[in-house]
Amino acid sequence: MTWIISAGFITHNIAIGARYAAQGHLPWAGDYESAMMGGWFIIGGTLYVAWRNKALQSLAVVTAPLVVILMGYGFMRNPELTPMAASLKTYWLYIHVYFAQLAFGAYALAAAAGVLYLLKRRNAAQGAPNAAFERFPSLDRLDELIFRYIVFGFITDTIMIAAGAIWAKDLWGSYWSWDPVETWSLVSWLIYGISIHLRVTFGWREKRLAWLAIIALSTVIITFFGVNFVVDTSMHFFNVR
């Protein structure tokens, strides 16, 4: 499976390069480009951790289908080439957007580790466990990885929000406007912050943390894709209309 995903990742890089050549900026505008770049970070992260530990190749069982779904959704929404507005040509854009995508990738890995944890735990509880699940990392290792990925994602998420606020002050005259995307990004950030607090302070581990990592990912997906689907008043989307 790793070789297949690696081949797909190479093709993904070629597609990003071709899009950059066609429109003069890296993918970041609209659902399709958000899925393209978010997928790049998710699969890139999957391959990186699999390269460091072969047992973590199993994360691709979750992350690969997730990226396919997101890419399919984005393609159906708006695959058109989008020129960058002159007002957005600033380095703050790249800090804000790509730290957001880095956080997305880390949170996706946390959710994937959560799914593997629940599957392996359920398999172990059966009278005749399936040997295929023995290829997954141990339950203790998966529990540790869920927490580590959440912490890394939370740090990059924090940088994203801070950079976005500084950029918004220059662009719109206010650090925070309670824009729908801003609001949902804050909700997502708070949920992951609470997850870390529950783990460190109250000892939330194992099954509860796994479910929390899976459910919390939905808030990230809503931030990236759901808001754009429901409303068209966000200042984050004016450049792609």
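Asp143 and Arg199 join their side chains in a salt bridge, 3.5 Å from N to O, where a salt bridge means a side-chain nitrogen of Lys or Arg within 4 Å of a carboxyl oxygen of Asp or Glu. This is a predicted model, so local features need pLDDT of at least 70 and side-chain atom pairs count only at pLDDT 80 or more, while totals for chains, interfaces and linings use all residues. Residues are numbered from 1 along each chain as its sequence is written, and side-chain values use heavy atoms, with hydrogens and water left out. Searching the whole structure turns up five salt bridges.

**Asp143 and its two arginines**

- The Asp143–Arg199 pair ties together distant parts of the chain, with Asp143 in helix 5 (residues 139-172) and Arg199 in helix 6 (residues 180-202), 56 residues apart. Helices here are DSSP runs of H or I with at least four residues, numbered from the N terminus.
- Asp143 is buried at a relative accessible area of 2%, and Arg199 is buried too, at 11%. For these labels, buried is under 20% relative accessible area, exposed is over 50%, and partly exposed is in between, using a 1.4 Å probe and protein chains only.
- Asp143 also forms a salt bridge with Arg205, at 3.1 Å from N to O. That pair links distant parts of the chain as well: Arg205 sits in the loop between helix 6 and helix 7 (206-230), 62 residues from Asp143.
- Arg205 counts as partly exposed, with 40% relative accessibility.
- Which residues does Arg199 contact, leaving aside its neighbours within four places in sequence? They are Asp143, Phe147, Trp204, Arg205 and Leu209, with contact meaning heavy atoms within 4.5 Å.

- Glu144 and Arg148 meet through their side chains in a salt bridge of 2.7 Å, N to O. Both residues lie in helix 5, four residues apart, or about one turn of the helix.
- Salt bridges with shared partners put Arg141, Glu144 and Arg148 into one network.
- Glu144 has 27% relative accessibility and counts as partly exposed.

**How helix 2 packs on helix 3**

- The axes of helix 2 (residues 30-52) and helix 3 (residues 60-77) come within 8 Å and cross at roughly 165 degrees. Axes are lines fitted to C-alpha atoms, for helices over the stretch in contact, and angles between N-to-C directions run from 0 to 180 degrees.
- That angle makes helix 2 roughly antiparallel to helix 3; under 35 degrees counts as roughly parallel, over 145 as roughly antiparallel, 65 to 115 as roughly perpendicular, and the rest as oblique.
- The crossing of helix 2 with helix 3 is left-handed, the term for a near helix turned anticlockwise from the far one by less than a right angle (clockwise would be right-handed).
- Among the residues making this contact are Tyr32, Met36 and Ile43 of helix 2 and Leu66, Leu70 and Phe75 of helix 3.
- By class, the contact of helix 2 with helix 3 has 13 nonpolar, four polar and two charged residues. Ala, Val, Leu, Ile, Met, Phe, Trp, Tyr, Cys and Pro count as nonpolar, Asp, Glu, Lys and Arg as charged, and the others, Gly among them, as polar.

**How helix 1 packs on helix 2**

- Helix 1 (residues 2-23) packs with helix 2 at an angle of about 145 degrees, their axes 10 Å apart. Their crossing is left-handed.
- The meeting residues include Ile5, Phe9, His12 and Ile16 in helix 1 and Tyr32, Met36, Trp40 and Ile43 in helix 2.
- The contact of helix 1 with helix 2 divides into 10 nonpolar, seven polar and two charged residues.

**Around Asn123**

- Asn123 lies in helix 4 (residues 91-125) and is buried at 4% relative accessibility.
- Not counting residues up to four places away in sequence, Asn123 touches Pro129, Asn130, Phe133 and Glu134.
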